[in-house]
Amino acid sequence: MRIALFITCFNDALFPATGKATVTLLERLGCEVRFDPGQTCCGQMHWNTGYHREAAALAARFGEVFAGADAVVTPSASCAAMVRAAYPKLGVEPPEVYELTEFLVDVLDVADVGAYFPHRVTYHPTCHSMRTLGLAGRPERLLRAVRGLELVPLPAAEECCGFGGTFAIKNSDTSVAMVADKIRHVRETAADVLCAVDNSCLAHIGGAISRLRAGVRVLHLAEILAAT
Amino acid sequence: MTAAREEILARVRAALAGAPEPPEVPRDYAVRLGGPEFESRADVVALFTERVADYRASVRHVAADELGTAVAAALWGREAKRIVVPSDLPYGWLAELDGVQALADSSALDPPVLADLDGVVTGCAVAIAQTGTVVLDGGRAQGRRLLSLVPDYHLCVVHVDQIVGTVPEAIDRLDPYRPLTWISGPSATSDIELSRVEGVHGPRTLEVLVVED
Amino acid sequence: MTPSVAGPSGRPPKFSEAARTALADTQLRRNLAAATHTIRERRAAVVDEVADWEDLRDAGAAVKDRALLRLDSALEELERSVVEAGGTVHWARDAAEANAIVTSLVRATGETEVVKVKSMATQEIGLNEALAAAGITAYETDLAELIVQLGDDWPSHILVPAIHRNRAEILALFQRAMPGVPPDLTDDPAELAAAARAYLRERFLTAKVSISGANFAIAETGTLVVLESEGNGRMCLTLPDTLISVVGIEKVLPAWRDLEVMLQLLPRSSTGERMNPYTSTWTGVTPGDGPQDFHLVLLDNGRTGALADEVGRAALRCIRCSACLNVCPVYERTGGHAYGSVYPGPIGAILTPQLRGVQSALDASLPYASTLCGACADVCPVRIDIPEILVHLRGKVVESRRHRPVPTPEMLMMRSIAWTMGDRGRYESALAQTVRWGRLLSRGGRIRRLPGLLAKWTDARDLPMPPRQSFRAWWRRR
């Protein structure tokens with residue numbers, strides 16, 4: 001199965017390991033992965049912050065880059081949500097974009113991806129993945145099939161971590177108050193790893209954990225699924 | 001007055017220029033209590049009793065020929081001496097009243113006088129099982145609105161055939177041109193640290209008598 | 001009207017500044033967390049009971065849209081119905097006009113005291129202050145509004161406006177400002193409520209004029225509807241001779257039958273009850289029962305502006321249940337005062353800027369007082385897509401500032417980033433710079449301090465050091 005990888009600008013610069021893991025995983029499952037270096041940014045930040053003119057230009061460009069692509073797969077739920085939900089409002093016909101777990105479960109029809117990750121892990125369902133994409137239990141299904149992994153439920157999981165894109169800067173105090181509670185809930189699980197399908201939220205939660213020396217590792221789901 | 005009216009209406013029309021057509025209202029919601037649990041009238045009545053009791057209003061079932069006794073017993077239980085009743089309250093409801101003076105409502109009974117009385121007895125227009133609500137509409141045996149408001153104790157008589165299952169059934173039966181009071185339990189507030197306190201204004205005690213024929 | 005707390009420039013502070021103050025108020029934080037979590041659970045429990053909840057939401061949204069999308073004929077029909085039933089209808093374009101109308105109506109009765117049922121519309125227009133300036137005292141009769149009034153304060157929640165006060169503070173307020181308070185009054189909520197009852201009862205029994213709002217106004221029949229818990233509404237709506245109701249034009253429902261939907265949606269969404277203790281409905285005047293003089297004041301005050309916005313007009317569906325406040329993670333921590341408006345929380349963030357415009361720093365900040373998490377849209381009984389409207393209003397804020405002679409630092413940064421992202425070469429060059437500078441700024445594998453606008457991130461969080469090889473650099477070499 002041929003896949004066009006949409007890495008996202010965020011992952012390209014700050015979390016290339018997630019991209020590598022995504023490629024490793026998809027190839028292990030028998031897919032042919034292509035990466036078009038013409039891709040830059042889907043425009044989510046500009047759209048959400050109110051710079052709609054700029055977002056429209058970036059969306060149009062994205063549409064051109066991925067025009068006629070095979071299945072587009074991304075390890076970023078919020079970017080997948082942007083393309084799916086907002087592009088029609090920007091007058092851009094969205095290419096068929098799958099968030100990674102959607103692709104694994106719905107298209108490849110797998111739950112066990114052959115991963116081994118012997119750690120105690122808790123999962124935070126990010127807001128866009130939960131409410132816009134409706135990922136439901138897909139990530140958890142994949143995690144439960146990972147050998148050696150002990151999955152513990154996160155209390156108050158559905159509560160927002162406080163990232164909210166530029167909210168983390170423009171309303172930093174409130175953002176931090178929210179992540180304080182998210183970290184508290186994470187620590188209640190005694191997990192050594194917190195995972196999610198969005199590195200943007202993980203950067204915020206992980207960044208606060210790091211500053212607080214709270215002793216929990218954050219990792220994108222793709223990196224767990226790629227581990228053997 | 002008219003300049004403001006014309007301007008507001010003009011603003012509304014301008015605002016709606018090019019707006020879509022108003023939608024039809026999809027009415028797929030339940031209008032009746034559904035499911036096998038509510039097949040019989042007795043089930044509906046039982047639900048009403050349960051839901052009223054949930055509000056910490058006392059509710060008792062009596063046969064029609066026991067009503068007079070039940071009303072009297074309730075008032076004696078309150079040590080009520082003087083009560084007010086709507087002027088068209090059926091005499092039979094008060095037939096057993098001994099030692100309790102029942103004043104028929106009149107315009108002479110102004111709020112301060114009513115505030116001094118020990119309670120009020122009324123009927124109702126309709127009662128709703130799903131929400132444990134009684135609705136008064138100022139019709140038969142109910143009187144004007146402040147009768148069931150000012151005294152501290154309200155005894156409400158509900159006949160089983162006045163009980164409907166749902167809010168839509170009640171809306172269908174009620175006359176919007178009459179002043180309506182929907183009562184679901186005694187008055188309450190949760191304004192102080194969210195801890196619920198019963199009985200602010202309005203009768204602090206509500207008792208319901210369900211009369212079976 | 002905005003609270004009296006002024007920002008550094010003397011004007012009401014924008015949300016992020018007000019939030020900072022509120023976040024540090026530990027009592028407020030605790031009260032709000034307890035209140036919102038409790039109501040959330042209650043709401044969830046009673047909604048779970050209702051198998052057709054989603055059908056009710058669909059109907060609720062359609063009922064409101066049906067009224068809003070033909071609002072001119074609905075208002076005309078409402079006026080006819082009310083007049084036919086013996087009431088008088090007045091129209092007010094803005095707050096000043098509404099206040100003038102109400103003041104002259106009260107003056108015409110010769111009374112200098114009125115009792116009020118809680119009404120957000122009257123708070124919005126600053127009615128109490130306008131009446132006071134005309135020598136008329138307005139007594140709030142809702143316990144929470146009474147607490148707010150005695151404390152010369154501002155409501156912080158739509159449904160429980162005094163949630164920012166604890167019982168000890170309320171006791172102190174009563175002792176200081178409520179005449180006739182028993183000297184041995186304690187801070188037990190039941191005793192405090194009883195003290196308020198005694199104090200207000202006097203007012204009710206002698207009041208000749210009352211002022212209310214309304215939850216709904218039914219065009220077909222001219223019926224007004226007020227939902228409440230305490231009974232003060234019933235007192236104000238039935239005891240006085242004259243009743244004046246100030247109602248926003250968006251409160252119209254088309255038909256009597258539509259009430260069957262709203263009376264199921266509102267109590268379960270707001271207080272988490274199957275039905276609130278008291279709902280009163282009245283149509284015009286009923287001889288021998290209640291006020292014989294009824295006045296309906298229809299209020300625009302910016303609502304037609306919202307109505308004109310194709311995306312934003314859905315905010316006018318709001319039935320003021322406050323379900324969105326109770327699930328909002330931002331509101332839960334900052335409380336209502338930070339929104340600087342009578343309407344706080346998620347609905348406030350989309351309604352206030354539409355009613356007031358986005359010129360002021362405060363109003364322009366409101367659409368950004370959200371992470372767009374979407375919890376509010378999940379619970380809105382009339383399906384207002386609040387996140388969609390927030391993003392739409394953010395667009396309005398940015399466009400209103402786009403042609404300033406001196407662009408904001410944020411505008412410059414966002415345009416620069418967009419320009420960079422518009423071309424592969426520029427993007428890859430910026431990527432290389434980001435990796436290089438990110439690594440230079442790092443200590444021990446982390447970036448602990450970023451410059452300029454981004455400093456707000458590193459004030460409280462680290463960032464991981466960018467790896468030497470970006471993803472595309474790795475891909476190229478594989």
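**Exercise 1. Find the residue of β8(A) that stands opposite A:L194, then work out the sheet around it.**

Step 1. Start with the pair itself: A:L194 sits opposite A:V218 in β8(A).

Step 2. Zoom out to the strands. β7 of chain A (residues 193–196) runs parallel to β8(A), and 4 bridges join them. Two strands count as paired if DSSP finds at least two bridges between them.

Step 3. Now put the sheet in order. It's an open sheet of 4 strands in chain A, β6-β5-β7-β8, with parallel pairing. The edges are β6 (150–152) and β8 (217–220), each pairing on one side only. On average, neighbouring strands are turned by 35° against each other, direction ignored. Axes are lines fitted to C-alpha atoms (for helices, over the stretch in contact), and angles run from 0 to 180 degrees between N-to-C directions.

Step 4. Two residues are in contact if their C-beta atoms, placed from the backbone, lie within 7 Å.

A word on the model before going on: it is predicted, so local features need pLDDT of at least 70 and side-chain atom pairs count only at pLDDT 80 or more, while totals for chains, interfaces and linings use all residues. Residues are numbered from 1 along each chain as its sequence is written, and chains are lettered from A and ligands numbered from 1 in the order in which they are written.

**Exercise 2. Is A:S76 buried or exposed?**

Step 1. Locate A:S76: look in the loop between β3 (71–74) and α5 (77–86) of chain A.

Step 2. Count its surroundings. A:S76 has 30 other C-beta atoms within 10 Å, so it is buried. The cut-offs are 20 or more such atoms within 10 Å for buried, 12 or fewer for exposed, and partly exposed in between, with C-beta atoms placed from the backbone.

Step 3. List the contacts. Skipping neighbours within four places in sequence, A:S76 touches A:T8, A:N11, A:D198 and A:N199.

**Exercise 3. Work out the strand order of the 6-strand open sheet in chain B.**

Step 1. The order reads β1-β12-β7-β4-β2-β3, and the pairing is parallel. β1 (58–63) and β3 (101–104) are the edge strands, each pairing on one side only. Neighbouring strands are turned by 25° against each other on average, direction ignored.

Step 2. Check one pairing. β2 (residues 82–85) and β4 (residues 119–122) of chain B pair in the parallel sense over 2 bridges. The bridge partner of B:V84 in β4(B) is B:V120.

Step 3. Place the helices. α2 of chain B (residues 41–54) packs on the sheet against β1 and β12 (205–212), at about 150° to the direction of β1(B). α3 of chain B (residues 67–77) also packs on the sheet, touching β1, β2, β4, β7 (153–159) and β12, and its direction makes about 165° with that of β12(B).

**Exercise 4. Which chains share the most contacts?**

Step 1. Of the 2 pairs of chains in contact, it's B and C. Chains A and B don't touch, and their nearest C-alpha atoms are 17 Å apart.

Step 2. The B–C contact takes 61 residues from chain B and 75 residues from chain C. On the chain B side, α1(B) gives the largest share, 10 residues. By class, that side has 36 nonpolar, 14 polar and 11 charged residues. Nonpolar means Ala, Val, Leu, Ile, Met, Phe, Trp, Tyr, Cys and Pro; charged means Asp, Glu, Lys and Arg; the others, Gly among them, are polar.

Step 3. Strands link up here too: β9(B) runs antiparallel to β9 of chain C (residues 278–283), joined by 4 bridges. B:T181 stands opposite C:S280 in β9(C).

**Exercise 5. How do the axes of α4(A) and α20(C) cross?**

Step 1. The axes of α4 (residues 52–65) of chain A and α20 (residues 409–421) of chain C come within 10 Å and cross at roughly 10°.

Step 2. The two helices are therefore roughly parallel to each other. Roughly parallel covers angles under 35 degrees, roughly antiparallel over 145, roughly perpendicular 65 to 115, and the rest are oblique.

Step 3. A:E54, A:A57 and A:L58 meet C:M414, C:R415, C:A418 and C:M421.
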